[in-house]
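Please open the structure in your viewer and follow the stops below in order.

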Amino acid sequence: MASSTLSQTLLPISSTTTSNPPSTATAQVALRGILANSSDSVRHALSRRRPWSELLDRSSFSTPQSFSDGTLRLRKNLPYFRINYYAVVLLTVAVCLLSNPSSLVILLLLLSAWLSLYLLRPSDIPLVLLGRTFSDFETLSLLTVLTVFVVFLTSVGTVVFSAMLVGVSVVVAHAALRVPEDLFLEQKEGSQSQPVGLFSFLRGAAINAAVSAAAAPNTVAARG
């Protein structure tokens with residue numbers, strides 16, 4: 001009786017815990033960081049937009065008296081309604097893609113390939129396809145070639161470029177027909193704040209995504 005009690009006391013107690021592999025957890029943390037930072041950047045950009053009622057005020061439209069007058073309106077309206085114009089172009093592209101389901105599916109597959117094979121793939125796990133191991137440079141080269149093929153040799157490029165052309169044409173027509181009034185003065189008064197442009201927005205989102213991806217291993221290690 002005593003020996004059985006002693007053996008039970010000396011038996012090691014092991015607890016099994018199930019957890020995701022470090023690489024999978026790192027990818028999940030990086031994806032959450034990218035989505036969170038992108039969402040914050042989008043909300044910040046949208047907060048800088050002008051009221052749509054001001055953009056669509058019919059009493060402020062008139063034909064420019066000359067080419068120089070139209071050019072002056074463009075110079076004043078484009079910076080003032082910058083975020084609204086970006087939204088118009090993006091909405092035009094989205095509508096055109098939704099009206100062409102095949103192009104939308106191809107574009108989503110291309111995006112999924114970039115995310116799964118390069119952007120969210122853990123750096124310690126090489127890409128293996130058909131029994132061959134690809135380096136990061138080879139993976140990036142293959143994805144770049146695939147992107148060029150999809151954009152220029154399929155209907156995706158035609159749909160996207162046509163939609164962007166329509167959107168830009170609408171923006172230019174609106175900027176040339178809308179009377180700026182005192183918009184330029186308001187724009188100069190608010191010029192102390194950093195302007196939100198398309199490239200600056202994309203650059204900010206890319207930097208935030210890179211920081212999140214770099215910090216992901218430390219976050220996983222801290223949780224572990």
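How much accessible surface does the protein chain have, and what share belongs to carbon and sulfur atoms? The accessible surface is about 15,200 Å², with 68% belonging to carbon and sulfur atoms; such areas come from the Shrake-Rupley method with a 1.4 Å probe, and for residues only the protein chains shown count as cover.

This is a predicted model, in which local features need pLDDT of at least 70, side-chain atom pairs count only at pLDDT 80 or more, and totals for chains, interfaces and linings use all residues. Residues are numbered from 1 along each chain as its sequence is written, and side-chain values use heavy atoms, with hydrogens and water left out.

**Helices α4 and α8.** Select residues 67-80, which form α4, together with α8; the two pack at an angle of about 110°, with their axes 7 Å apart. Axes are lines fitted to C-alpha atoms, for helices over the stretch in contact, and angles run from 0 to 180 degrees between N-to-C directions. The two helices, α4 and α8, are therefore roughly perpendicular to each other (65 to 115 degrees). Now show the side chains: Gly70, Arg73, Leu74, Asn77 and Leu78 in α4 meet Val171, Val172, Ala175, Ala176 and Leu177 in α8 (heavy atoms within 4.5 Å).

**Phe161.** Remain on α8 and select Phe161, which lies in this helix. Phe161 counts as partly exposed because its relative accessibility is 45% (buried is under 20%, exposed over 50%, partly exposed in between, with a 1.4 Å probe and protein chains only).

Notes
Helix = DSSP H or I, 4+ residues; strand = E, 2+ residues; numbered from the N terminus. Parallel < 35°, antiparallel > 145°, perpendicular 65-115°, else oblique.
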